[in-house]
Amino acid sequence: SPVSSNESEKVQAISALTSLLSPYHKRAAQTLFLNVQRLITKEAPDVNHVGFLTLTFPDNVTDHKEAYRRFRSFNTNYLSKHPAFGEWVHVKERQKRGAWHYHLIIVLSGDIRTGINWEELSRGVYRSANPYLKALWKDLRENLHKYGLGRSELLPIRSNEEAMARYIGKYISKHIGNRTKEQKGV
């Protein structure tokens, strides 16, 4: 089928970004893109059941092994056992101050998107969130500290294409060229 002009622009933008990457980073970006695409289009019942989850640490965790240990504990003891959370794809990101945090695209058992007022949400006003999403926020707040995690943000995604483009673009732009030699292999 013919490619829409909007889709063509997205492909061109991704191609322009990837032309700057090493072969390793091109493979990593392509793998990430395909995994997110599969998750959203094949694993989730629909886009209403997909969230973007950010996890931070209350302390300045700069050691990637410690960050991963806490994330693994959270995944093993909470995320994988919780009936609301399904498959996910994640990226670990280092902040400018050196602290690590995680971003996940995650499939949810319920609809977190219906009723969302996107304009309010972009201003940090969350009152349009449905009761299911508010219950997940509460549950996360009550449990993250058990695994050495701090603030979290779970939000619906606006669309398949936007989520993938934002996720991939953020990964590529923040990590490539900013990695230190200590981050090799991380």
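## Salt bridges of the predicted model

Glu-87 is partly exposed, with a relative accessible area of 38%. This value, like the others that follow, was computed from a predicted model. Side chains of opposite charge can pair when their charged atoms come close. Glu-87 takes part in such a pair: it forms a salt bridge with Arg-38, and the closest N and O atoms are 3.4 Å apart. The two partners belong to distant parts of the chain, since Glu-87 lies in strand β2 (residues 85–94) and Arg-38 in helix α2 (residues 23–43), 49 residues apart. Arg-38 is also partly exposed, at a relative accessible area of 31%.

Attention now turns to helix α3. Within this helix, which covers residues 64–79, Glu-66 and Arg-69 are three residues apart, or about one turn of the helix. Their side chains form a salt bridge with an N to O distance of 2.7 Å. Arg-69 has a relative accessibility of 42% and is therefore classed as partly exposed, and Glu-66, at 22%, falls into the category of partly exposed residues as well.

Glu-66 has a further partner, Arg-70, with the closest N and O atoms of this salt bridge 2.8 Å apart. These two residues are separated by about one helical turn, because they stand four residues apart in helix α3. Arg-70 has a relative accessible area of 12%; the limit for a buried residue is under 20%, so Arg-70 counts as buried.

Asp-59, Glu-66, Arg-69 and Arg-70 are joined in a network of salt bridges. In the structure as a whole, the search finds eight salt bridges.

Technical notes:
Residues numbered from 1 in each chain as written. Predicted model: local features only at pLDDT ≥ 70, side-chain atom pairs only at ≥ 80, totals over all residues. Heavy atoms only, no water. Salt bridge = Lys/Arg side-chain N within 4 Å of Asp/Glu carboxyl O. Buried < 20%, exposed > 50% of the residue type's maximum accessible area, 1.4 Å probe, protein only.
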